[in-house]
Amino acid sequence: MTTTTIIPCRECGEDSGWTHELVNQPLFGGNYEVAVCDTCCDAYHQQESETPILDYLPPLEELIPVFYRETEVNRLPKAGKENLANILDWDLSRKKGLYLLGDSRQGKTRSLCLLLQQLHKQRILFKAFFAGDFHTELVDAKRGTQYRQWFKEVTTVPVLAIDDLFAEKLTETTQKGLFEVIEQRMARKLPNLITTQVKSKEAINLFLDKRRGHALLERLRETSAVFIFNNTEKQEVFKV
């Protein structure tokens, strides 16, 4: 009569469910490190799902284009100078992110980048998308095999910055992906720092499903402090 010997789990020492016969099959090649019980496997995957992928601070050169890193405050447009002090006063203790709305060349992106440089000095992790990069990366991730990893990164990083939101054409893929990212970050109570030239009504009209567009703008309104970079009346910003 053959006796089957169970191997202890390498993590907890309990019954792993693995046998010597199984570990020594050609597929595993006698590697006893594979002997981990289901409970420990589940615990590992749970911890992994709750841990941000960005666990180190990349150099500033990899995060912000050189054109914006060299911003001189005294050369900002009037609207940028008027808003800058309040924008730079933002930190992670605030309950809301930022939503910078206004015409082109009013200092929105440069103000955002000055804040991001400040956060970097404080060693606060952030991920920033510039000039349509968010849409491009989302589509590329969807087409490839790394979407889950990409989605986890953008929904768990402490600060997410998106420059020029709604400037690119919103396909069904980008509409759905954008909504999911904002929804997940809202659920995690993580802030977004956004710049855009597009007012609420115009943004909603970019969506094939206007209800999804309306819901997205409502979430942004609820989770953002709004700064205006031209003569747009503030009450019109999120009027839907």
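**Phe 151**

I started with Phe 151, which sits in helix α7 of this predicted model. Is Phe 151 buried or exposed? I read a relative accessible area of 19% for Phe 151; the cut-off for buried is under 20%, so Phe 151 counts as buried. Next I listed its contacts, leaving out residues up to four places away in sequence: Phe 151 touches Glu 180, Val 181 and Gln 184. For the pair Phe 151 and Gln 184 I noted 33 residues of separation in sequence and 9.6 Å between C-alpha atoms.

**Cores**

I then looked up the largest nonpolar core, which has 33 residues. Which of its residues touch the most other members? I found Tyr 99, Phe 134, Trp 150, Phe 166 and Leu 216. I checked which elements give two or more residues to this core, and they include the strands β3, β5 and β7 and the helices α6, α7, α8, α9 and α10.

**Strand β3**

I went to β3 because 5 of its 5 residues are buried, which leaves the strand largely enclosed by the rest of the structure. I sorted its residues by direction: Gly 97, Tyr 99 and Leu 101 point one way, Leu 98 and Leu 100 the other. Which strands does β3 pair with? I counted 5 bridges to β7, running parallel, and 4 bridges to β6 (residues 192-196), also in the parallel sense.

**Helix α5**

My last stop was α5, residues 108-121. I tested its length: at 1.5 Å a residue, its 14 residues should span 20 Å, and the end C-alpha atoms are 20 Å apart, so the two agree. How many residues of α5 are buried? I get 11 of 14, so I logged the helix as mostly covered. The buried residues include Lys 108, Ser 111, Leu 112, Cys 113, Gln 117 and His 120. I looked at what the buried residues of α5 pack against, and found helices α3 and α4 and strands β3, β4, β5 and β6. Following α5, I noted Arg 123, which has a positive phi, near 60 degrees.

Technical notes:
Residues numbered from 1 in each chain as written. Predicted model: local features only at pLDDT ≥ 70, side-chain atom pairs only at ≥ 80, totals over all residues. Heavy atoms only, no water. Core = buried A, V, L, I, M, F, W, Y, C linked by side-chain atoms within 4.5 Å. Buried < 20%, exposed > 50% of the residue type's maximum accessible area, 1.4 Å probe, protein only. Pairing = 2+ DSSP bridges. Expected span 1.5 Å × (residues − 1). Contact = heavy atoms within 4.5 Å.
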